[in-house]
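Reader: Could you take me closely through one part of this model, starting from the aromatic rings and moving outward, and state the cut-off behind each term as it comes up?

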Amino acid sequence: MRYQCSICGFIYDEAKGLPDDGIPAGTTWDKLPDDWHCPVCGAPKPALEPMEEKKVEKPVVKHSGGKMKEDGLRKLGDAELSAICTNLERGCRKQYRDKEADLFQKIGAYYTDRMERAENASLGTISSLLKEEAKGTAPAASDAANAVADRGAKRVLLWSSKVAAMLTAILGEYEQKGENLLAGTKIWVCDVCGFVYIGNQPPTICPVCKVPAMKILEVTK
Amino acid sequence: MRTQHAVRNIRLCTKDCLCLFVCPTGATDTENGQVDWDKCIGCGVCAGSCPSGALSMVPDKLPPQQKKDPEVVRSIFALAKEKLAMEMMAKDIAVNGKNDTEKLLGKAFIRSFRLQAEDLIREAGYMLPQSRNAHELLSEMLAHADGDFPKAEAEELLRMLETND
């Protein structure tokens, strides 16, 4: 049997094992230790899925039906306005327009300050929201993007679903290991796609968006 | 008429300084690491001569953004909104988490959710600061501005960024 990582696409082949990592050929999936991680992206064992019984049926998502009315100017909340501004700030920096970037940063900060605060939040809540998202809003958006063959939208939806799957996997590990999850190790975030990695060194390229390690930044206390 | 201008990626620049020698207008001779775009005539000689590949030519007027389907825009914004709600939860956890591990995870997740939301929004009609969408949004922000809104900044952006579509 072969198992594929849902985050980075790495394939574990039971017949071949991973001799370089001390896992002999013929090591079956259930003989792999529970704390084994994907050697490419660091995702925990449950993030890999058996390839042979790949699910074909897609989650059924109810659409709001029909296209949004042309005149229906969305009411954007402070959160979305904040992210539009910080995104345009990044856009300006990419074009080496630092002055414009700083201006967008100030406007973004105004909306960020106004965003609704969360109280008594827990990692468990984030975990269940991520699972809902993976069944609801994320595939709904992918359906919309596929319907009009929007490559850019398909690209971002693929990346963000992989990143969300990684966050879900990390939260699942935290539930098991608790505080020890980060003991003696470091945590990193890809500054391009938001991929999160736990380990002493970042991967040489981001498993999701493929930028070099230089763009994967450590998060410290 | 100039159609492009030179930019310098300071991370690649190894101070070979051939750009200084070849530039006919002295546009590359600056103290801020960037090319002086008021002086640059867009000839591209600096980019062609730079041995470290730090200089490249960027069009003055970028091509228009891809038109977006309203249903794609609506559904992507709905997803981004969820990411941003989780960002706020992560902000709370980064401060009030039960232990240091939770706080550090919270901190990492803040960044992750923000980056995901930004990237989503980029593909929902807000890729270019020069786009009409960005201009219209800035104007709309100004129209609804309260006392704390950074009005001068929004007005300056509208002046500085030329619409490309």
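Author: Rings of Phe, Tyr and Trp (its six-membered ring) are paired when their centres lie within 6.5 Å, and a pair is stacked with planes under 30 degrees apart, edge-to-face over 60 and tilted for the rest. The model is predicted, so that local features need pLDDT of at least 70 and side-chain atom pairs 80 or more, whereas totals for chains, interfaces and linings use all residues. Residues count from 1 along each chain as written, chains are lettered from A and ligands numbered from 1 in written order, and side-chain values use heavy atoms, without hydrogens or water.

Over all chains there are 10 aromatic pairs. One of them is formed by Y3(A) and W29(A), and it counts as stacked because the ring centres are 4.1 Å apart and the planes meet at 10°. This pair bridges distant parts of chain A, since Y3(A) belongs to strand β1 (residues 2-5) while W29(A) lies in the loop between β2 (11-13) and β3 (48-50), 26 residues apart; strands (E, at least two residues) and helices (H or I, at least four) are DSSP runs numbered from the N terminus. Both Y3(A) and W29(A) are buried, that is, under 20% relative accessible area with a 1.4 Å probe and protein chains only, where over 50% is exposed and in between partly exposed. Ring pairs also draw in Y12(A) and W36(A), which form a cluster with Y3(A) and W29(A).

W29(A) has a charge as well as rings beside it: the charged end of K45(A) sits over its ring, 5.2 Å from the centre, the criterion being NZ of Lys or CZ of Arg within 6 Å of the ring centre and within 35 degrees of the ring normal. Elsewhere in chain A, R155(A) lies over the face of W159(A), 4.3 Å from the ring centre.

β4(A) pairs with β5 (residues 196-198) of chain A in the antiparallel sense over three bridges, pairing requiring at least two DSSP bridges. Within that pairing, W188(A) has Y197(A) of β5(A) as its bridge partner. Five residues separate the two strands of this hairpin, in which G194(A) has a positive phi near 90°. β4(A) is also joined by four bridges to β6 (residues 216-219) of chain A, again antiparallel, and here C190(A) stands opposite I216(A) of β6(A).
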